[in-house]
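Dear colleague,

Please find below the structure that I am handing over to you. My notes on what was found in it follow directly after it.

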Amino acid sequence: MADDLPPEDSKLTRSKRAWAEQGKFLTGRVSRAEAERLPPGQHLVKDWPVLDLGRQPEVALDRWRLQVDGMVERPVMLDWAGFQALEQVDRVSDIHCVTTWSRYDNRWRGVATRAVLDLVQPRDEAVAVMLHSYDGYTTNLLLADFAAEDALLVHQWEGKPLTRSHGGPVRAMVPHLYFWKSAKWISRIEVIGRDRPGFWEASGYHLRGDPWAEERYSGD
Ligand SMILES: Nc1nc2c(c(=O)[nH]1)N[C@H]1C(S)=C(S)[C@@H](COP(=O)(O)O)O[C@H]1N2
Ligand SMILES: [Mo]
């Protein structure tokens, strides 16, 4: 990938340097002591509940597209082949839903969000992303949160294609934030210059959603 490295002074390179200075996201996983693994107010479940707006869009692979645009140098429109051609990584991470259930050790396969941002090169003014989905859902994340080391666009769970009910063909998985930030059926990553609320955030959910700070609802 050396040929594809961004120029030294690019937004992403500088962001990575800033993350390194803060000691954040340095390892493959955001490391936490086992005692702090379960965020406050959460309980563990073994099954994986389905939660969404009630409309589960069927997106055939030959019609699937992912648009990445907004405040970027090189907007792209990926089709399935283009997405599969990006480096595929395997990661294990925990789910923390704001409705208080958590599920440990989910094995994902997909593309690192950083790899996608490397492709499009966010501009200096970029501060956040708005994720858009095929069911009309939206959710916002700060660029640094979206680009966390273990944040992925996943298409497999436990070695099998991600089911439609869990957001297949492709969903976001951002394990260090509440699960409502992990858009199912993702269709577009819009890089934006000012953080603004998505669907649930406009209805009272917290703008950022850090489970360890219990950022559940705005005003929390
Ligand atoms: N496109 C889309 N993504 C979504 C949602 C949705 O309604 N539509 N719901 C969110 C919420 S509130 C949660 S808790 C998780 C649930 O994902 P799951 O059904 O795979 O458990 O998806 C998140 N992503
Ligand atoms: Mo949720």
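Gly70 stands opposite Val191 in β11. Please keep in mind throughout that this is a predicted model.

Which strands belong to the open sheet, and in what order? There are five, and they run β3-β2-β11-β6-β7, with mixed pairing. At the edges are β3 (76-79) and β7 (138-142), each of which pairs on one side only. From one strand to the next, the twist averages 15 degrees.

**The protein as a whole**

The secondary structure consists of four helices and 11 strands. The protein has 220 residues, of which 35% are buried. Among contacts with a separation of 6 or more, 67% are between residues 24 or more positions apart.

**Helix α3**

Helix α3 spans residues 113-120. Its buried residues are Thr113, Val116, Leu117, Asp118 and Val120. In an α-helix there are 3.6 residues a turn, so residues three or four places apart point the same way. Thr113, Val116, Leu117 and Val120 can be picked out among the buried residues with this in mind. Just after α3 comes Gln121, which takes a positive phi of about 60 degrees.

**Ligand 1 and Lys184**

Ligand 1 has 18 residues around it, and those that come nearest are Asp52, Ser133, Tyr137, Trp180 and Lys184.

Lys184 deserves a separate look. This residue lies in the loop between β10 (171-173) and β11 (186-192). Is Lys184 buried or exposed? Lys184 counts as buried because 25 other C-beta atoms lie within 10 Å, while the cut-off for a buried residue is 20 or more.

Leaving aside residues up to four places away in sequence, Lys184 touches Asp52, Ser133, His166, Gly167 and Arg171. Two of these, Asp52 and Ser133, are also listed with Lys184 among the residues that come nearest to ligand 1. Lys184 and Leu51 are 133 residues apart in sequence, yet their C-alpha atoms are 10.0 Å apart in space.

With kind regards

How values were computed
Residues are numbered from 1 along each chain as its sequence is written. Chains are lettered from A and ligands numbered from 1 in the order in which they are written. This is a predicted model: local features need pLDDT of at least 70, side-chain atom pairs count only at pLDDT 80 or more; totals for chains, interfaces and linings use all residues. A residue is near a molecule or strand if its C-beta atom, placed from the backbone, lies within 6 Å of it. A residue is buried if 20 or more other C-beta atoms lie within 10 Å of its own, exposed if 12 or fewer, and partly exposed in between; C-beta atoms are placed from the backbone. Helices (H or I, at least four residues) and strands (E, at least two) are DSSP runs, numbered from the N terminus. Two residues are in contact if their C-beta atoms, placed from the backbone, lie within 7 Å. Two strands pair if DSSP finds at least two bridges between them. Axes are lines fitted to C-alpha atoms, for helices over the stretch in contact, and angles run from 0 to 180 degrees between N-to-C directions.
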